[in-house]
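Thanks for coming, everyone. Please bring up the structure on your screens, and I will then walk through it.

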Amino acid sequence: MLMVFIPLIVDALANAALIFFVAVGLTLVFSVLRILNVAHGSFYSIGAYLAASAGLWIVSAGAPGWLTFPTLLVSAIIVAMIFGPLVERTLIRWTYGKSEAVQVLVTFALFLILEDLQRMVFGVQSVYQDTPMTLLGVVEIGGIVYLTYQLLLIALAVLTLIALKVFISYSRTGKLLSAVVADREVSQAMGIDTSRMFVTAFTIGVFLAALGGALATPTSGVSPGLGADTMVLAFAVAAIGGLGQVEGAAIAAIIVAFAKVLAIYFAPALDAVAPYLVMLVVLMIRPYGLFGRETARRV
């Protein structure tokens, strides 16, 4: 019986790892900026396109295949460095203090622009680059064969969660971010450069989303529309965990991934709606999510 459920558990955790990257970036941005960034899914797909394109170029040039591994990280860094400061300083900053409706409309407009930009740069064909997954091969555990890349994704998600908590709790920048989350006005009165904190938080959020997209390409590739699908799923995860809750995003990602994988295994017709059924049930019981509170403003 255990051998039946182990593949299900591994598939769910690997799926949760990819969901976690984009959802935790979304919830981090909301914690600090108090902005629901509808364009967040576009950074995921741009990271995926860039990583896949760079990987294909490396392979076609005859370079060693192992070079595709650092391109996954470098692609996410490039996306964050370009779009993080640019978008926050020119567009997102204008929405501070505006109503939620204005913020959603502005970020949705940005989402549409970025989607068209992707089609112009990368075309409308699906891109698939599986060299990292192929090079790592498979591993046998208890007589069952798993993709080593899946196990790597799980480990990276755990390390990212730990790194975020250490960064927020012990680094100077992390403590300043926590102060801004706790009380923006008092932080400004104390001399904290809140504008710089906003740029930092938004850039980290973009990086996490792009990293999730880059890491997903070896297993699923990237195609037009990926950003919209990811955005909706990330909002569901963030809502289940509680907006602004890093740990909540991790737990919610696992819950959603298990719901999705269980549907694939036992009720394929419910595959697409399973995560949102979970969100519906959770929000009916706890409107602010599993870990959220009406007045919660902690990272």
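What we have is a predicted model, in which local features need pLDDT of at least 70 and side-chain atom pairs count only at pLDDT 80 or more, while totals for chains, interfaces and linings use all residues. Residues are numbered from 1 along each chain as its sequence is written, and side-chain values use heavy atoms, with hydrogens and water left out.

The protein has 12 helices and 2 strands, these being DSSP runs (H or I of at least four residues for helices, E of at least two for strands) numbered from the N terminus. Along the sequence the pattern reads α-α-α-α-α-β-β-α-α-α-α-α-α-α.

As for dimensions, the C-alpha trace spans about 60 × 50 × 35 Å along its principal axes. Of the 299 residues, 47% are buried, where buried means under 20% relative accessible area, exposed means over 50%, and partly exposed lies in between, with a 1.4 Å probe and protein chains only.

Leu270, Val273, Leu277, Leu280, Val281, Met284 and Ile285 make a nonpolar surface patch of about 680 Å²; patches take residues with over 30% relative accessible area and no salt bridge, joining like charges within 9 Å and nonpolar side chains (Val, Leu, Ile, Met, Phe, Trp, Tyr) within 5 Å. A salt bridge here is a side-chain nitrogen of Lys or Arg within 4 Å of a carboxyl oxygen of Asp or Glu, and the areas come from the Shrake-Rupley method with a 1.4 Å probe, where for residues only the protein chains shown count as cover.

Valine 281, one of the patch residues, sits in helix H12, residues 274-285, and is partly exposed, with a relative accessible area of 47%.
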